[in-house]
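Here is a short briefing for a first look. Please keep the sequence and the 3D view open while reading.

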6 protein chains.
Amino acid sequence: MTSHRLGELTTEQAAAAVRDSPVVLLPAGAFEQHGPGLPMATDLIRAERVADLVAAKLDGRAVIGPSLPVGVSPHHLAFAGTISLSTTTFATLVREYTDSLYRHGWRKILVITGHGGNNAALGTVAQDYLATHPDLEFAWTPLTALAGQVVAGMGVSEVHGHSGEAETAQMLHLAPELVRTSHLRPGTTTLDELSPLARLSRKDGHPKLALRYDRLSPNGVLGDPRRATAQAGESIVDTVVNRIVGYVDDWLAT
Amino acid sequence: MTSHRLGELTTEQAAAAVRDSPVVLLPAGAFEQHGPGLPMATDLIRAERVADLVAAKLDGRAVIGPSLPVGVSPHHLAFAGTISLSTTTFATLVREYTDSLYRHGWRKILVITGHGGNNAALGTVAQDYLATHPDLEFAWTPLTALAGQVVAGMGVSEVHGHSGEAETAQMLHLAPELVRTSHLRPGTTTLDELSPLARLSRKDGHPKLALRYDRLSPNGVLGDPRRATAQAGESIVDTVVNRIVGYVDDWLAT
Amino acid sequence: MTSHRLGELTTEQAAAAVRDSPVVLLPAGAFEQHGPGLPMATDLIRAERVADLVAAKLDGRAVIGPSLPVGVSPHHLAFAGTISLSTTTFATLVREYTDSLYRHGWRKILVITGHGGNNAALGTVAQDYLATHPDLEFAWTPLTALAGQVVAGMGVSEVHGHSGEAETAQMLHLAPELVRTSHLRPGTTTLDELSPLARLSRKDGHPKLALRYDRLSPNGVLGDPRRATAQAGESIVDTVVNRIVGYVDDWLAT
Amino acid sequence: MTSHRLGELTTEQAAAAVRDSPVVLLPAGAFEQHGPGLPMATDLIRAERVADLVAAKLDGRAVIGPSLPVGVSPHHLAFAGTISLSTTTFATLVREYTDSLYRHGWRKILVITGHGGNNAALGTVAQDYLATHPDLEFAWTPLTALAGQVVAGMGVSEVHGHSGEAETAQMLHLAPELVRTSHLRPGTTTLDELSPLARLSRKDGHPKLALRYDRLSPNGVLGDPRRATAQAGESIVDTVVNRIVGYVDDWLAT
Amino acid sequence: MTSHRLGELTTEQAAAAVRDSPVVLLPAGAFEQHGPGLPMATDLIRAERVADLVAAKLDGRAVIGPSLPVGVSPHHLAFAGTISLSTTTFATLVREYTDSLYRHGWRKILVITGHGGNNAALGTVAQDYLATHPDLEFAWTPLTALAGQVVAGMGVSEVHGHSGEAETAQMLHLAPELVRTSHLRPGTTTLDELSPLARLSRKDGHPKLALRYDRLSPNGVLGDPRRATAQAGESIVDTVVNRIVGYVDDWLAT
Amino acid sequence: MTSHRLGELTTEQAAAAVRDSPVVLLPAGAFEQHGPGLPMATDLIRAERVADLVAAKLDGRAVIGPSLPVGVSPHHLAFAGTISLSTTTFATLVREYTDSLYRHGWRKILVITGHGGNNAALGTVAQDYLATHPDLEFAWTPLTALAGQVVAGMGVSEVHGHSGEAETAQMLHLAPELVRTSHLRPGTTTLDELSPLARLSRKDGHPKLALRYDRLSPNGVLGDPRRATAQAGESIVDTVVNRIVGYVDDWLAT
């Protein structure tokens, strides 16, 4: 019984995996503030756990490659401990992981990112490969966004998101020992608490304007993490895992 | 009566604009195939015209900076005439335009992009500025996406988008002399026409997988441009212009 | 009757142009101060108009690719409104335009630059291609320098050049509506007005020393633009156009 | 009782750590073949475990930052599963981790690398910081090289090193569940087995010549991993941990 | 009596030179074919010797910094032995030399280049410094071009230049022991010998088109080096040296 | 009788050298302070002289390529006159020299560096070539480190190294006219003179910590150069030359 983590395989087992496991999952996180109750590595932890669950369900059709523990987090740099890569460095890193995998024969790469701040850089990687690697299929996915209906059903705050109800719930389910439950405190929960500029930046269907989190929330939290339950977290994670597994099934059938 | 285009002003007028017109609009296009009926510069044309209309309505509160005539279009490179920048080069270009404007004193930059392929690179520019230019407000917006309801009301094909109903309509309104009406032909209009992989890449709420357009549509078109009317185009453009003007009004009030 | 501008063609027409129009003209400008009477986009306007005239005379043997609206203008950054690219970014931009054109099959590229500040970067592009693209013929040309005799015959000031007699004349001919005639004022017109260092930088046949324009002229002008006439401008433009057309004719015959 | 891993702390705890824990340890690994018996992540596993042991002994005077799971491994790329960064990308990654830590106030960074292939790139990072960050103290250390005497006492093969006696011993001590004991097989163990060029590359006190591992050993192993014992591994690890702890103690006293 | 070469001074003497010798001369060469009679290092040799002569005449007002032995020579790469830098690398090298000199206090840098192929890259360095180092005066000069009248008076071939009359003459004067006199052979000497494309590339006052030397001359020579004399070489060198010395005198007086 | 310096050969002779002289030696120096008695170019001078001696002994089996006069010296930048390249620029330079030599057919490159600060960057070059140029054999060597026993036998100070006994001895042998004998003064000679941090940085078998030389020695010297003799220098140089010659002999026999 071999591991579904490439890092736990020997090179001989890796050679077999190129043939038998045509999809490589790359978990990407962030190393950034998550308010007074969640740890800096929250996004990596969620991405790695989801990757494990996805790989287990795929039962040998995918392997998990090395993680990307740090992501693109300039908006959190005002909060102590946050480490951020420039978008170019993050993209280069994803590209060099992928280039090596491609050299060994893999053609289907799926980055699972626990951090939305990585999305733009992942998009640029996907685009640049179109010009140079026509036979590579490079895909990437966020986590929580795949479970929008579950989150909506949780009864979240008017303003919610980073370190809020949904993210805290996932951590209560996946890594409860790392949640400082007694320190969970609401951040910005209503649009009225935001400055006009911050409010503008939160509107959908408008021009996009990125803001630093110190202009969005004094404690770095959007929403009220006290509302989170491990049960809701389980429901989000299950939904996300099933969506990704279903996607890979379809992908392998193309 | 001075122009609202910075390129048509003298340096003395530009010095006044730094004070009186705190927003700079940067129109970004693409130089890429638009099927058998629309010209390569379609996205630039739409972006520049919208910028002109927006600036006119803002009546001196914004000026239009230099255009970005070429964008990120690797997915169209299989079609003759397409010119594409790498994501890094496009981002660097936007950054150097912005750096010079910042040096003169402007703090509010809004890129108006007629091409969705530029979105990811624009996102990376916005992020990287958060780490280095805390007092810069860098915003960007697509066009057609601001008028989703109008487009839905046009009765578009199941599969629609690039060079399809909505884009053709805008061109019929803004630059009818550049539409080869007699050559407008439907491209891919139903999911059934797509390969399984292409169908997978079109699904919402799933992992994202970028594909080259030669795998999506034989003639480079998604949707049926013959359904487009100048009237629908006018409605789209008006909606887009009003949304952007409203945004800038709110922005200036922050 | 199709356009000679590639941006106004469809991809099918572009495919035909690869075969029938072996030369691509790329107009390059600058976005920089041009004294109190000329607009920031002066160099782009002249380059695009000349390209149009050249292409018209070549009657289908050349097409015009996308413009480069911003050039290398660090020497003008002290004047409001100037936008400058670094030499590396400008060169990369030219290279990526050319790379896409090369991919489609074009082998003869001619950059028409209205701005002398782009010359060095264009030279580096030409050199680097020699090592990597032996079958590419990459050429570039300035404008006014092709009509030296005409300019000499205009009776120019002892010190003349940027925004001076010859450049203003071209604008009076090509885009009179953008010339603020009442604001045309002489800049530095004699060597005596220059500081010793500035004078040194203007001598021919000596080491080259680049200086910022704020050290050359208080209002950013070299020469006396009031001496310019539309007639002289027409003569300059005609000469330039004929020289480029003659060159392309010879080039196509090689 | 807080964690000594920065990734398990909240931002408030991180802010305290800047003050109380002046040293940040960064574990660096490699993702590369380790012969038929050891996993690809061997170097990361050893680096992370040693960092944990060091931090535990330092008892709050150091925290562990994010890992670098992939290193510089071009010499192993011929073996399936190996993922390698270019030296520039690895160095940039270390630099961007450090830049963020520096921004928060840390001035003492110690990279603990389980992979000797990272040494040169770490050396370049250290040098470049001398020119730009005079108050930063950037240090780095290999693992096994700190326990040379212990290794010599193990009775190693004439040729030994990668995936050999010492490395396998450490894994038998630290992560026995990931060692495929039944697959451990000797690689190149004597100089006579090497080609003349390979032999030349192994000589000390001579010019350095890097060779790919497929030219050094058919199965990617140098030495005989069957000689390894968990006991020897424990001795190596203890020595390494004590050396690093002693170093940090001295460092904090400067 | 100290040397005028910075490389032969101690750091204490260098500290005095910052104060007493405000100009630093940087000799730049090329490492490229020079036909059957001249050595690869011809351009460096000439640049270094001229720098020595200039510094001697300036008698302490200038020092000579480190050389740039390799230049931008992609046009000669078809000939064995030629080593070429990309334009970006050459420019970066000049910039990093200059940055260090600037850090020590020098503000006047003069690159003396024996190779015309370096001109464009030197031009880009000069431009980029205008945006970032307003108090740096960065100048550069070619050699032979400063002595145009002397060369014209030598009775050169219709086509002449690289490794031809003037360059060979300088070498006969400066380093006769490195000229293989018996192997000097004419290269291309008349326009008629050139292909139409090559002829086009040699015309003045036209668009510029760079060509590889294997398309200009079978043996890499333009002109007839057998016409060269050491006497003519001395005259060229004297003229060049005097022009540069005069320039520096004027410069120091500004 | 042709030169063993490639720069003194014609292109025809270089073409023969590709066939007959399969090894290219590249001398690398530094341009940095060497205390009150030795010149800035000390490392280049030693590298070039050793290369000459090695090439002479190899008698046609190796040629010397262009020098690298400036190296990686950020640790000496506080001392006047020091010029330093970033590690990336130095590595790029070595790579571009090598790329051109490779293009002509050479496959064995040996960089002889007189400066230890270049080692890390040379290591990165060697690694990156493993991934891209499998048939290139890129080697590099320091100088003094090859003669460790000779140096130990000289009776050096407790702290010795840069500009100390061994380096001064080599210069007294190779270039006595450039040694300011009367100014030779001891620098730091005992560990007690060092600050605790500096002492820590000098310990072997520990984590590595790079320090600027102004924190190691007030006059930039480690050791006592007054103990140096030309005789000891000759012995060091002879040993180094013989080691390199022996290495190349073995290399050519592989």
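Contact means heavy atoms within 4.5 Å. This is a predicted model: local features need pLDDT of at least 70, side-chain atom pairs count only at pLDDT 80 or more, and totals for chains, interfaces and linings use all residues. Residues are numbered from 1 along each chain as its sequence is written, chains are lettered from A and ligands numbered from 1 in the order in which they are written, and side-chain values use heavy atoms, with hydrogens and water left out.

**Chains A and D**

- Of the interface residues of chain A, 100% are also interface residues in chain D, so the copies meet through the same surface.
- Chain A is superposed on chain D by a rotation of 180° with 0.0 Å of shift along its axis, at an RMSD of 0.0 Å (least squares on the C-alpha atoms of residues with pLDDT of at least 70 in both).
- The two copies are therefore related as by a two-fold rotation axis.
- T89(A) has the C-alpha nearest the axis in chain A, 3.7 Å from it.

- Most residues other than glycine have a negative phi.
- D59(C) is not a glycine, yet its phi is positive, about 50°.
- D59(C) sits in the loop between α2 (42–58) and β2 (62–64) of chain C; helices (H or I, at least four residues) and strands (E, at least two) are DSSP runs, numbered from the N terminus.
- D59(C) counts as exposed, at 66% relative accessibility (exposed is over 50% relative accessible area, buried under 20%, partly exposed in between; 1.4 Å probe, protein chains only).
- D59(E) also has a positive phi, near 50°.
- D59(E) lies in the loop between α2 (42–58) and β2 (62–64) of chain E.
- D59(E) is exposed, with a relative accessible area of 67%.
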